[in-house]
Amino acid sequence: MTTIDSGRSTGPGPGEAAGTPVALTVDGRPVEVTDGATVLDACTAAGVETPTLCWAANLTPVNACRLCVVEQEGSRTLVPACSRLAEEGMVLHTDSERVRHSRKMVLEFLGSASELDQAPDLARWSAHYGADPGRYGPAGATMDEEVRVQDDLYIRDYDRCVLCYKCVEACGDDAQHTYAITMSGRGFGARISTEFDVTLPESACVYCGNCVAVCPTNALQFKTEFDLREAGSWRPDDQTVTRTVCSYCGVGCNLELHVQDETIVKVTSPDDHDVTSGHLCIKGRFGWGYVHGR
Amino acid sequence: MTDLHIGTDRPTDAERAAVDAVVGGTLGPAVVVEGERLVRGGLSRRNDRRHLLLPALHALQRVAGWISPGGINHIAEVLAVPPADAYGVATFYDLFQVDQPGHDGDVTHVCVDAACQIAGSAGEVERLRAAGVPVEASPCLGQCERPVATFVQGRGRPDRVPADDEAGDASGSGSAGPTGSGAAVPSVPQSGQPGLRLLRRIGRAAGPVDPTSLDAYVRAGGYAAMTEAFRRGPDGVIDEVVTSGLMGRGGAAFPTGVKWRAVAGEPGPRHVVVNADESEPGTFKDRVLLENDPFALIEAMTIAGFAVGAEKGWIYIRGEYPLATRRLAEAIDAATAAGFLGPRIARSSFDFEIEIRRGAGAYICGEETALFNSLEGFRGEPRQKPPFPTTNGLFGRPTVINNPETLVNVLDIVTDGGDAYAAIGTEGSNGSKLFCLSGRVARPGVYEVDFGATLGELLDLAGGVTGDLRAVLLGGAAGSFVGPDRLDLPLTFEATRAAGLSLGSGVVMAFDHTVDLAAVVTRIADFFRHESCGQCVPCRVGTTRQHELLVELSSKPAGPDRVGSLRLDTDLLDEIDRAMKDASICGLGHTAGTAVRSAIDLGLVPATNGDSP
C-alpha cells in the first residue's frame, strides 16, 4: 500500500502526453475531449454551463446531488455529468425538457428541505429553472437542526446542510485523511456526524477547515463569519481578498485573506493552486490572530 | 491508518470477546484495489479488514443489545476503521441501535408492510407493547404467507423467527427439519404435486428432502449437475446457460449467460455473489427455497464459480432470515467436509469456497452495488453504473451477482442442456418461475408455474381470492397495482413489459374490497421513504415529499385547508415520480413512485384535485 493515486479523472497534467481523443455531441455541437474526461468536461468544452452542487474541482465526484444530470440518447435515465466518463459517439442534451424538469425538482427538493439563503449559486439556478420550493407547503420535513457552536474556529449549521458529502470527502480520502466526520443515518434522516455526534473537540477533527472550504451552502462557517452575521455586520461587498503566502512553514501554501474593516474574517486557498488544491492546515486556515496582535 | 483517533470509551469484556471471536483468526487476504476510484473509495477501500465490519457490528449488537461507544472503539482499533466511519455504517442499518436500550431482553420486530398490514399488524404491535415486550415496527420481513410476521432479535442469543418454532423446524439444534415421509411444507402448498422443477425436492410426494442432510440431497439427484458441469467444462457450461435464455429472477431480468460470459472474459480474481437480501415487500420465495433446499444453491454457486473461474463465492442474506442462514451455513460445512467445496473439488483442479454475510436491515442492500458496498464494510449506498459489476464488482473485481432462484435454475440447465430448458415456458420467458402469493387468497405461499400462466390461473392455484377482487400488487412495492380486468395477463417477461408492468421478484398480492387501499398505498410510500439510502437528492427528498402528499391526500378532504399547493396534488406526485425515475442513482428511486402512480390511475387513493373532479 505504498502507491497513492488521486483517482481523479482529469486530463493530462503538465508534461504528460495527451490521451486518446473522444468525440461526442453536446446540444448538437461536436466536441472533442481526451480519454478520461467526464461528460461535465465535455459540456464545458462545448461552452455549456452546467449547474453542480456536490462536484468540486478539487474533490473526486461523489455523484449525490444529481443536479448536473444530462440526457444521453439511448439511456433510459438521465446521466450525471460530473461522474460519467465521456464516451466516443455520445449524443448529449443539456437543456431538454427532461433535464430541465429534473434539475428544477432537485433544486426544489433542496430548497424545501434545507435553508439555502447563503447559497447564491443555488438561488441563481433555482431562478433559472423556475424551482418553487414553497409548493410543498410549510408542513413538510426539513433538516431541523440546532446550530452546533463548539469551539472558536468554525460552526456547523446543519439546517443549511444539503448532504453533498463534500466535507466528508475533504476530511477523508480527498484531502485530510482524518476521517472525523461521516454520513450517518439513512434516507431523509441522514446527517453529517462524528461518531455518536460527539463534539468536534472530542472527535478526530484536526481543525484544518478543509470541510469549511468546500461547503457550498455555508452550513460550515468560520466562527468569525458566524459572529458577524449574528451581529448583522457581515458585509461581503465591503471585503477585500488578498493573496499571500502562508508564513508558518516552507511548503508555500497560498492564502486568500478575506478582510473586512481591516480585520481578517476568513482565510481560503485557491482551488487551482498546485500546492494546496484549495486545502490548508489549521495554522494557515485559522492561525492568523497574531496579525491583529491577538 | 495506524494513527486513528480513538475516544476514551472502552468495551466491556463481553463486548471485546464477542467482537474478537468474529474478527480474530478470520482476517482474510489483503484487499488492495488499484485504480478503483471512479466515484468514492480511495484509501479507505484499501483496508484488508474492513469487510469484517458488518460481522463485528452484528456480534456487538447481539452481546450488548446496542452499538456501544466502547464497542465501536474496539472495532475501530482491530479493523483499522475510523470510529466515525464505523458509526456511520452502524446507523445505516435498522438492526443496529446506537442508543442504549432501556432493557436487556430481546427485541421483537413486527412487520407492518402490506400483507401484514391488512392482516392487522398495527393491532399486534399494540398488543405486544401493552404486554411490555420491546417492539419495533419493521418493514416487510419476507413471511407474507403467514401474517402477521415477526422476527425476534436475540440479546445474547441467536435471532429467531417465532413462526419457525411453531412449525417445529427451528429447534436451534440444527438437526430438526420439516422431514419425515409425507410431511408437507406449509409455505409450499404445491407440496407433493408432480411437475415441479425448482421446488421438486421441497414438494416431493414421498416427502420433502431433508434440507439438513447432504446424503439426502445426493440421493435425490444432487451434485449430478456439478459432475456434468465438470464434464462440459467452463465454456460449455456458459454455452448452455446462454442457450437456455435464463433471465435473472431478482427483478431486473438480465440474461444470466451474458453476465457469466462477460465475467469469464475479465481478468481475475473474480467473485460469485448470491444476492439473497430478499427484501422487496411481498417477496419470500428465496427464503422458502433456501430454508428447504440449501444444497441446491450451494451446488449452483459452485457451478457458477467453475464456469466463470472464481475461487470465492459469497452469500449476502438478509439479517431477518435466521433459519435460512443456519441451513446454508450447515450446508456449506457439510459440502466442505464431503469435498464438494474447498480445494480440488471432487478431485478436479477447481478450488472454491463460500462465505456467508448477513445483512442488517436495509432494503437498499438488495441493489447489487449497494450490496457490494455493504459487504465491503461501507454504508449500503449504491454506486453509479457504469462501471458494471461484470468489470467492477465486489472489491472492484469482476463479479457475477445472481438471485438464488436464478442460480437454482442452472442445475437443470447444466443437466438437461440449454435447449431442453429453452423449450419450457413461452417464446420470451424460458423455464419456470416462483411466485409469492399473499394477501386475500385462500392458500398463500410460494407457487411454481412454467412461464405462460396467467394472473387469474395463479390466483386460482392459490385457492382463489377470498372476497371480491379489487386489485393485485404485481411485482412488489416497486411494481404496480393492476385491476381485476388484468386476470388474463400472462405472467411472462414479454407480456408484462408490453403492458407497462414488471414481474419484479414474483409478487402477486391480492386485495379485496374490504381493504383500505389508500392506507396500503400510503404505507408503500412510507416504506420507500424509510428505505431510501439518502445518497441522492431525487430519492432522499422525493420519497419523503411523496409520502407527505399521500398522507395529506388520505387524511384531509380537498379544499383550501390543504397544505401548500395540494390543489395540484396528483400533478405534483407525477412531477416527483418523473424526477425520481429520471435522476435517481439506482432502481429504488426509479421505481419508488411506480406503485403510487398505478394506484392513482386505478382510483385506489382519493387523488382529489382541488380544481377538478
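You're in a predicted model, where local features need pLDDT of at least 70, side-chain atom pairs count only at pLDDT 80 or more, and totals for chains, interfaces and linings use all residues. Residues are numbered from 1 along each chain as its sequence is written, while chains are lettered from A and ligands numbered from 1 in the order in which they are written.

Now widen the selection to 21–26 and 91–93 of chain A. These are β1 and β5, which pair in the parallel sense over two bridges (strands are DSSP runs of E, at least two residues, and helices are runs of H or I, at least four, both numbered from the N terminus; two strands pair if DSSP finds at least two bridges between them). Which order do the strands of the open sheet take? Reading across its five strands in chain A, you get β2-β1-β5-β3-β4, with mixed pairing. β2 (29–34) and β4 (79–80) of chain A sit at the edges with a single partner strand each, so one side of each has no neighbour in the sheet.

Contact here is residue-based: C-beta atoms, placed from the backbone, within 7 Å. Angles run from 0 to 180 degrees between N-to-C directions, and axes are lines fitted to C-alpha atoms, for helices over the stretch in contact.

Next, colour chain A by domain: domain 1 is 17–141 and domain 2 is 147–292, with bounds from an automatic or database domain assignment. Their C-alpha centres lie 26 Å apart. The contact takes 17 residues from domain 1 of chain A and 18 from domain 2 of chain A.

In chain A, go to 240–245 and 254–260. Here β11 and β12 run antiparallel over six bridges, and Thr240(A) has Val259(A) in β12(A) as its bridge partner. One of the partners to pick out is Thr268(A) in β13(A), across from Glu256(A). β12(A) and β13(A) make a hairpin with two residues between them, and Asp261(A) in the turn has a positive phi of about 55°.

Switch to chain B, with its 23 helices and 12 strands. Select α9 (224–244) and α10 (256–264) of chain B: they pack at about 150°, axes 7 Å apart. That makes α9(B) and α10(B) roughly antiparallel (over 145 degrees; under 35 is roughly parallel, 65 to 115 roughly perpendicular and the rest oblique). Among the residues making the contact are Ile238(B) and Val242(B) of α9(B), and Trp260(B) and Arg261(B) of α10(B).

Last stop: show both chains. How many residues of chain B are in contact with chain A? There are 53, meeting 52 residues of chain A. Elements giving two or more residues to the chain B side are α3 (69–79), α4 (83–90), α19 (517–531), α20 (537–555) and α21 (569–583) of chain B.

Notes:
Contact = placed C-beta atoms within 7 Å.
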